Amino acid sequence: MNRLIFLLLILSSCGEPLPGDPFVEKQFFANELKLISSDINDPRDSSTFKQSEYTLSANRRLLVRLESMQSRTGNTVISRTKRMYMTVSSAALLSRSAELSASIKICPMKTNWMLLATWSRPHPFPTNSSRWSRSGGDFEEQECFSPDPSYPNAQADTLYFDISDWFVYQLQSRSINYGLIVTSTSEVTIYGDENLSKGPKFIWTEF
Amino acid sequence: MKLMLLILFSLCFSQSVIAGPVRIGNGDDGEDLQSFELLSEGPIVEARAKALTLVRELGVNRIEGLGNLIPELEYTKLYMTKKGLTTRELLELGAFKDDASGLIYARTMPEPYAPTRFFPASQNLNETQLIALHIHEALHRALPGQLREREDVASEITQAITAPETSLDRVSRVVRSYAAPTQSPLLMSQAPAVVVPKKSRLHNPSRLGMEYRRFSVEETNKLNSLDIQGLYVLSSHLYPFGVNDKAIGVGFDLSMVETKNDRFMGPLSLSGRYQVWTQRDFDLELFGEFNMNTLSRDELKNSNLGRDTTRFGLTLATRRDWFFVENDFSYTAGSESEEELGNIKYDYEFGEILGINLRTGFHYKSVMIGGFGEVLLSDNFKIKSSDFVEETGRNRVISWGPFIEYRRSNFSLALKGRFLLDSSIGEDYDFLANLMGYGVGRGSIQTQINAFF
């Protein structure tokens, strides 16, 4: 019997890490954030970057990117159990969790942008790509990510978005890092890049 | 043999006639020539013709100081003493040296177009000697000022002209050897006089000026965050170097930037200029300027204007009675700058710029009115960070602008404009990042006060 139990233990542990797991969880705060709004035309408006909070709504969205992400994620492991996440935190989630979980989404960007982006333009330079295909940023609604409620040990004021597919298909396969855009159908204030503990961040596993 | 005769002949002249030319009157009243008869043919007349051919072929009229030799030789009247005169009469006419130690062949007076009087002794001279005699006598009338009466000078120049296989250079050297810097202006000088055209910029090339530019920035791409409203410029361009019609200048331009809420030092420009040509009412000037950014990294962290620029070019200008035209050709070397936005550093690469500028207008008394048109071609503009790259390719910026200037004596007051006429899509002067050269935004109005000297 003891031998049978020992055999079962061995078989059940093949797909899971053993104690002394070589995998390490990495977390990086996004360092390139840009608020675009239909009310703001000045690309250098100081309220659109390097803020501790950003207010999102139907006409206010947040462009997010981790600079040089490809070079930081060389040892990333993506599997059925090991995923890459992006987090968005807000004090409003403590009281409006259900509403905001349905309204806040994260979508992969299809056009490159810089910190002089506006609601109508990804950058101010006179080139063929100087305007979004549609105002508010180029992204596909059907490719957007909703919050993943299965993230273990989630914090109450934070939403976790599984962006593993975006990482694999864009960064790893095509070496394209156009970042993501945070959208919300409801007005909500989220923490920004100047908040040293609650700003948007990327989480993944490395070995 | 001919050479020996010439030398001997010259020696004779060096001693005697040298006594001449004796002022025996100009013969106008006929008295002094009563004992002479006009020569119209014969060896003496034929020798004069050959002397003329000699000096013409040599081109002595190109030598300063001998410009009158050919006409003096050609038009002087030739006289010979009449036959049957007594020795006493010949003596009174000057046929002998003062001390009666030798014979005189000919005399003339040191005045233009005075006649030449030949004496019987000249009939014994051969053709070569007669040719030299004609030239010698003509020199007494053709040489400038106090040199006319100097026999040594006339003899040496005659010898140079009549020497076998002589040359214009040889004759020039002999004539110049008697030139003195403080003497007659007809004598050769070391260098030709420099004539600067009346309208040339050389007369007052140096400039001290102050300028204020107000930029039009309301509808721009806001490529820089400094919110620049205006620029004050103090210019000093002096031309202390150069020789004759060439002038070399060195100058600088100090600037102060005016923003909505602040003022700070702008670019510093150092320049060199070379006025290389001023002929046929055209001035040609070469220039080079280096514009240096004077702001620190922290002061410029929200701007792409931190680049230094180097520019070369030439200006070709002409000013006529009532209009003027100026062409400028310039080349600005490529350079880089960087800007920090948020937590991201962006690098800007500015390509080379070729520029052509046409400035023209009218002037009446103290007022000048005109305008300019300018085409700037920029090689490429590139911005990049770790994850973002964008290039514009070749860019064009076409500008125009009017100006009006009032100039009185050495001072002027000018009002100018610079406006965008056409550009690559959405481009304005911000993309050139040359605040001192082109400014920012979509144009500017400039007020300028200058002193020229």
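Visitor: Let's start with strand 4 of chain B. Which residue there is the bridge partner of Y79(B)?
Guide: R117(B) is the bridge partner of Y79(B) in that strand. Keep in mind that this is a predicted model.

Visitor: How many bridges join strand 2 and strand 4 of chain B?
Guide: Three bridges join them. Strand 2 covers residues 78-81 and strand 4 covers residues 116-118. The two run parallel.

Visitor: What sheet in chain B has these strands, and in what order?
Guide: An open sheet of four strands, with the order 1-2-4-3. The pairing is mixed.

Visitor: Which strands stand at the edges?
Guide: Strand 1 (36-38) and strand 3 (106-107) of chain B. Each has a single partner strand, so one side of each is left without a neighbour in the sheet.

Visitor: What about helices in chain B? How do helix 6 and helix 7 cross?
Guide: Their axes cross at roughly 170° and come within 9 Å. Helix 6 spans residues 151-162, and helix 7 spans residues 168-177. An angle over 145 degrees counts as roughly antiparallel, and these two helices are therefore roughly antiparallel to each other.

Visitor: Which residues make that contact?
Guide: From helix 6 of chain B, E156(B), I157(B), A160(B) and I161(B). From helix 7 of chain B, R170(B), V171(B), V174(B) and V175(B). They divide into six nonpolar, no polar and two charged.

Visitor: One more in chain B. Where is D245(B)?
Guide: D245(B) is in the loop between strand 6 (228-241) and strand 7 (247-259) of chain B. D245(B) counts as partly exposed, because it has 16 C-beta neighbours inside 10 Å. From D245(B) to H203(B) is 9.8 Å, C-alpha to C-alpha, and 42 residues in sequence.

Visitor: Now the two chains together. How many residues does the contact take from each?
Guide: 21 residues from chain A and 19 residues from chain B. On the side of chain A that touches chain B, eight are nonpolar, seven polar and six charged.

Visitor: On to chain A. How many helices and strands are there?
Guide: Chain A has four helices and eleven strands. It has 207 residues, and 38% of them count as buried.

Visitor: And what is the mean pLDDT of chain A?
Guide: The mean is 89, with 90% of the residues at 70 or more.

Visitor: Where is confidence lowest, and where highest?
Guide: Lowest in helix 1 (residues 2-12) of chain A, at a mean of 48. Highest in strand 4 (residues 60-65) of chain A, at 98. Over residues 5-18 of chain A, pLDDT stays under 50. For that stretch the model has two contacts beyond four places in sequence.

Visitor: Is strand 1 of chain A covered or hardly covered?
Guide: Hardly covered. The strand is residues 24-29, and the count of buried residues among its six is zero.

Visitor: Which strand does strand 1 of chain A pair with?
Guide: Strand 11 (residues 201-206) of chain A, in the antiparallel sense, over six bridges. F28(A) stands opposite F202(A) there.

Visitor: Last one: F167(A). Buried or exposed?
Guide: F167(A) is buried, because 24 other C-beta atoms lie within 10 Å. F167(A) is in helix 4 (residues 164-174) of chain A.

Visitor: What does F167(A) touch?
Guide: I78(A), M84(A) and Q172(A), leaving out residues up to four places away in sequence. F167(A) and M69(A) are 98 residues apart in sequence, with their C-alpha atoms 9.6 Å apart.

Technical notes. Residues are numbered from 1 along each chain as its sequence is written. Chains are lettered from A and ligands numbered from 1 in the order in which they are written. This is a predicted model: local features need pLDDT of at least 70, side-chain atom pairs count only at pLDDT 80 or more; totals for chains, interfaces and linings use all residues. Two strands pair if DSSP finds at least two bridges between them. Two residues are in contact if their C-beta atoms, placed from the backbone, lie within 7 Å. Ala, Val, Leu, Ile, Met, Phe, Trp, Tyr, Cys and Pro count as nonpolar, Asp, Glu, Lys and Arg as charged, and the others, Gly among them, as polar. pLDDT is the predictor's confidence in each residue, from 0 to 100. A residue is buried if 20 or more other C-beta atoms lie within 10 Å of its own, exposed if 12 or fewer, and partly exposed in between; C-beta atoms are placed from the backbone. Axes are lines fitted to C-alpha atoms, for helices over the stretch in contact, and angles run from 0 to 180 degrees between N-to-C directions. Angles under 35 degrees count as roughly parallel, over 145 as roughly antiparallel, 65 to 115 as roughly perpendicular and the rest as oblique.
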